[in-house]
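Subject: Structure handover

Hello,

Here is the structure I promised to pass on. Please open it alongside this note.

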Amino acid sequence: MRRALVAANWKMNLDLPQMRAWVAAARAELTGTLAVDVVVCPPFPYLFPMAKALAECAIRLGAQDAYHETSGAFTGEVSAVMVRETGAAYVILGHSERRHTIGHLEDDRMVNLKLRAVQSVGMTPILCVGETLAQRKASQTLDVLSFQLSAGLSGVRVSSGEQLVIAYEPVWAIGTGLNATAAQAQEAHAHLRAELTRLIGREPAAQVRIIYGGSLKPENANELMGQADVDGGLVGGASLKAETFTRIVRVVSQSG
Ligand code: PEP
């Protein structure tokens, strides 16, 4: 039985007072025992203040990226060790906005190096994979997922579900208001689980959470979370308001 996970990806949004207000509202909303792990991922400069704001709170801290080198002449980069020092436990890697945006254009090799660095310092990578609309239309979705997963996990050992989270994020659904149908999500997640079984073995593959991201909202969460291999969500736009995000968390918690 996998415990669901819901992560808020704030991207490059909100300022410090807004983040503090968000945490206060989310703490008030998420009282009692939840059947779900909750993670919030602010931009780098806010990791320390958010770690403080989240003290003695069940919401865990995550980062939106981490560089693979430990230290050195890498202007503008932030290493996995530095991220861990803030108290972050999770790191989003291979997000489509880093794979496809000019200035980043991260390839699978870079994602793999970062993933190894994050794991080596004891944090949990949230590895994002997903097809573009053109790839879906060309019936390449499952091949793209297989490739991104095996390249991202190249040389990586996973012995328990705590060491890895996969996010299925169809690129055409991110920030567009379009979401995968429950059937499309389940097909992708089941495929990823089968591929994980091949790559890391049956037992860890059965434990790894595979979460869905792409215009997830309180209104569509119930149907998506009802799928056997959908173990939670990565939430962008709908995570910016604590009220909306915590409604998604409640839906996920109740569907478990
Ligand atoms: C994301 O950026 O990971 C994401 C899922 O965004 P949105 O929920 O806005 O589609």
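First, the ground rules. This is a predicted model, in which local features need pLDDT of at least 70, side-chain atom pairs count only at pLDDT 80 or more, and totals for chains, interfaces and linings use all residues. Residues are numbered from 1 along each chain as its sequence is written, and side-chain values use heavy atoms, without hydrogens and water.

**The ligand**

The ligand is surrounded by 14 residues, counted when a heavy atom lies within 4 Å of it. Lys11, His95, Glu169, Gly175 and Ser215 are the closest. The shell holds four nonpolar, eight polar and two charged residues. Here Ala, Val, Leu, Ile, Met, Phe, Trp, Tyr, Cys and Pro count as nonpolar, Asp, Glu, Lys and Arg as charged, and the others, Gly among them, as polar.

Lysine 11 places a polar side-chain atom 2.5 Å from one. For a polar side-chain atom of glutamate 169 the distance is 2.8 Å. Glycine 236 uses a backbone N or O atom, at 2.9 Å. The protein covers 96% of the ligand's own 290 Å² of accessible area (Shrake-Rupley method, 1.4 Å probe).

**Two loop residues**

Lysine 11 sits in the loop between β1 (4-9) and α1. Its phi is positive, near 50°, and it is not a glycine. Glutamate 56, also not a glycine, has a positive phi of about 55°. Its loop runs between α2 (47-53) and β3 (60-63). Helices (H or I, at least four residues) and strands (E, at least two) are DSSP runs, numbered from the N terminus.

**A helix pair**

Trp22, Ala25, Ala26 and Glu29 in α1 meet Ala242, Phe245, Thr246 and Arg250 in α11, with contact meaning heavy atoms within 4.5 Å. By class, that is five nonpolar, one polar and two charged residues.

Best wishes

Key
Polar contact = N/O pair within 3.5 Å; in protein donor to acceptor, adjacent residues only side chain to side chain.
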